[in-house]
Amino acid sequence: MRLVIARCSVDYAGRLSAHLPLATRLLMVKGDGSLLVHSDGGSYKPLNWMSPPCTLEAVAPDDEQQSAGIVEVWKVTHKKTADQLVVSIHEVLHDSAHELGVDPGLQKDGVEAHLQQLLAEQIELLGEGHRLVRREYMTAIGPVDILATDASGASVAVELKRRGDIDGVEQLTRYLELMNRDPRLAPVSGVFAAQEIKPQARTLAEDRGIRCVVLDYDAMRGIDSGHARLF
């Protein structure tokens, strides 16, 4: 992984356009080829990024760019969509590379991991016609717990928690922003599933068009909860 702290501006061109004016930022180039642009805020959500498969080309600035103070230009191009992220670097403050090795992956809480397995096996709990695509669908910023399709065949990203709070909604929001850039998946809707969802998290999820599903862990395991019922 290469970490560069630089004064730079960033432009994204493709299905959408975005501009980040000149400021000091962290540029993270990962071993999988992805580039993430971070500021000193916003938690761990990047300001902009390009996910693999993509190529990074560092080129010398032209005369006009040089006169504007640019010393290097990074052009990151997606191989399938031709979307392009252009980083105009004015000054490099830090540049280092680190070999991180093979990551063992996120070790989930036992109940949360079991919830994922059970929901994958009982995907119809999300609604009639839903079908499992795969568990742990990898994105450039981490794995989505479950990728499924709904009755119409549209993609559905599912984030699972034991107790759903605002951080979980934010995490799913980041996945959806990234996945909806992929023409193979878009449009992707989101489902926030948990044994218990806090009211603030539900309000935020619904405001962002994310559906909330409360899961009964005991019922999914086939265990009678012991509560009295009519039949």
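This is a predicted model: local features need pLDDT of at least 70, side-chain atom pairs count only at pLDDT 80 or more; totals for chains, interfaces and linings use all residues.
Figure 1. Let's start with the overall layout. The C-alpha trace spans about 80 × 35 × 35 Å along its principal axes. The chain is divided into domain 1, residues 2-97, and domain 2, residues 111-221, and the C-alpha centres of the two domains lie 30 Å apart. Of the 231 residues, 40% count as buried. Among contacts between residues at least 6 apart in sequence, 50% join residues at least 24 apart.

**Figure 2. Where domain 1 meets domain 2.** Here 13 residues of domain 1 are in contact with nine residues of domain 2. Together the two domains bury about 1,100 Å² between them, and 54% of that area is on carbon and sulfur atoms. The rule finds three residue pairs in polar contact across this interface. The count of salt bridges between the domains is one. Look also for lysine 45 and glutamate 177, whose side chains meet in a salt bridge with an N to O distance of 3.0 Å.

**Figure 3. The largest nonpolar core.** In soluble globular proteins, nonpolar side chains tend to be buried together. The largest such core in this model has 19 residues, and those with the most contacts inside it are Ala157, Val169, Met179, Phe192 and Ile210. Helix α3 provides the largest share, with five residues. Isoleucine 210 makes a handy landmark for this view. Leaving aside residues up to four places away in sequence, isoleucine 210 touches Val169, Leu172, Thr173, Leu176, Gly190, Val191, Phe192 and Ala205.

Figure 4. Aspartate 182 sits in the loop between α3 and β11. This residue counts as buried because its relative accessibility is 14%, under the 20% cut-off. Its side chain joins that of arginine 184 in a polar contact of 2.7 Å. Beyond residues up to four places away in sequence, aspartate 182 touches Arg15 and Tyr137.

Figure 5. Proline 53 is found in the loop between β4 (48-50) and β5 (54-59).

Figure 6. Most residues other than glycine have a negative phi. Alanine 82 has a positive phi of about 70°, and its place is in the loop between β6 (72-78) and β7 (84-97). With a relative accessibility of 56%, alanine 82 counts as exposed, since the cut-off for that class is over 50%. Glutamate 136 has a positive phi too, near 50°, but its place is within strand β8, residues 131-139. At 28% relative accessibility, glutamate 136 counts as partly exposed, because this value falls between the cut-offs of 20% and 50%.

Conventions:
Residues are numbered from 1 along each chain as its sequence is written. Side-chain values use heavy atoms; hydrogens and water are left out. A nonpolar core is a set of buried Ala, Val, Leu, Ile, Met, Phe, Trp, Tyr and Cys residues joined through side-chain atoms within 4.5 Å. Buried means under 20% relative accessible area, exposed over 50%, partly exposed in between (1.4 Å probe, protein chains only). Helices (H or I, at least four residues) and strands (E, at least two) are DSSP runs, numbered from the N terminus. Contact means heavy atoms within 4.5 Å. A polar contact is a pair of N or O atoms within 3.5 Å; within protein, one must be able to donate a hydrogen and the other to accept it, and residues adjacent in sequence count only if both atoms are side-chain atoms. Domain bounds come from an automatic or database domain assignment. Buried area is the accessible area (1.4 Å probe) that two parts lose on being put together, summed over both. A salt bridge is a side-chain nitrogen of Lys or Arg within 4 Å of a carboxyl oxygen of Asp or Glu.
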